[in-house]
Amino acid sequence: MGAVGHDELGNFVINTMRNYGIDTSNLVRKENVQTSATMLPIRPNGDRPALHVPGANHHLEFEDLDLDVIKAADLLHLGGTGLMSALDDGGSLRVLQFAKEHGVTTTFDLVAIPRPDLRDLVEPLLPYIDYFMPGLEEAKMICGKDDRKEVINYFLDRGVGTVVFKMGEHGSIVANKTIGEIIIPAFKASAVVDSTGCGDSYCAGFIVGLTKGWSLEQAARLGSACGALVVTGLGSDAGIVDLDSTIHFMESAELLE
């Protein structure tokens, strides 16, 4: 579910997703706004300043969402909080509450941009998030703490079921009040070309692991494998061919020390 404009970029998004067999019937098209887009000029040191146009994402509203589809889902992933002003104004909270009321597992990621109301934006959502999946630095930005264990406890104490913090080449952390804290190493990539999309691909891999009933550690390993493959090429969809080859990479690739 999401929003695109009536433009060529919107056509590209929809057609590309359909080519992968994705159901796009719950995407809405917004009038008089362009499809959201981001340009990432990659600098020699790896920095990626974002040139972002929120576009149609800013106009996605709670009323645009098909609650019957959400109710029937196994899992709901919410991404983009902070970049969707209409949905951020209470809609994100409503959809997460609705999902939890109907037994739908919820996962959450965002691009944390420094803003004075960032904590106020995210904190009301926390009791309705089963898997909270930002980068560790983003989590620190939200809560204002620096010690890793304090950051973990901050979110668990506010109702998150499990935190999953991505740490780039340092791997990832999975923690909850039952298992404690597990650190999953990163895999060694064959080349480091562009880290765009690594965090999103990690989330996708982790979610696939959940849907397969894997352990949290194994799901995180699949997420790490996805990130290690995406970093090998330009763009956010590089490196990954299919699930079988990604699992093979996960089972055979060398870990970063």
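## Helices across the sheet

In this predicted model, helix H8 lies across E5, strand E6 (105-109), E7, E8 and E9. H8 runs at about 145° to E8. Helix H7 (residues 148-157) lies across E7, E8, E9 and E10, and its direction is at about 140° to E8.

## The six-stranded sheet

The strands under discussion form an open sheet of six, in the order E5-E6-E7-E8-E9-E10, and the pairing is mixed. Its edge strands are strand E5 (75-79) and E10, each of which pairs on one side only.

E7 and E8 are paired in the parallel sense, over two bridges. Tyr131 has Thr162, in E8, as its bridge partner.

## Helix H9

Helix H9 covers residues 216-230, 15 residues in total. From its first C-alpha to its last it reaches 21 Å, close to the 21 Å expected at 1.5 Å a residue.

Twelve of the 15 residues of H9 are buried, so the helix is largely enclosed by the rest of the structure. Here buried means under 20% relative accessible area. The buried residues are Leu216, Ala219, Ala220, Leu222, Gly223, Ser224, Ala225, Cys226, Gly227, Ala228, Leu229 and Val230.

Definitions and conventions
Residues numbered from 1 in each chain as written. Predicted model: local features only at pLDDT ≥ 70, side-chain atom pairs only at ≥ 80, totals over all residues. Heavy atoms only, no water. Helix = DSSP H or I, 4+ residues; strand = E, 2+ residues; numbered from the N terminus. Expected span 1.5 Å × (residues − 1). Buried < 20%, exposed > 50% of the residue type's maximum accessible area, 1.4 Å probe, protein only. Pairing = 2+ DSSP bridges. Contact = heavy atoms within 4.5 Å. Axes fitted to C-alpha atoms, helices over the stretch in contact; angles between N-to-C directions.
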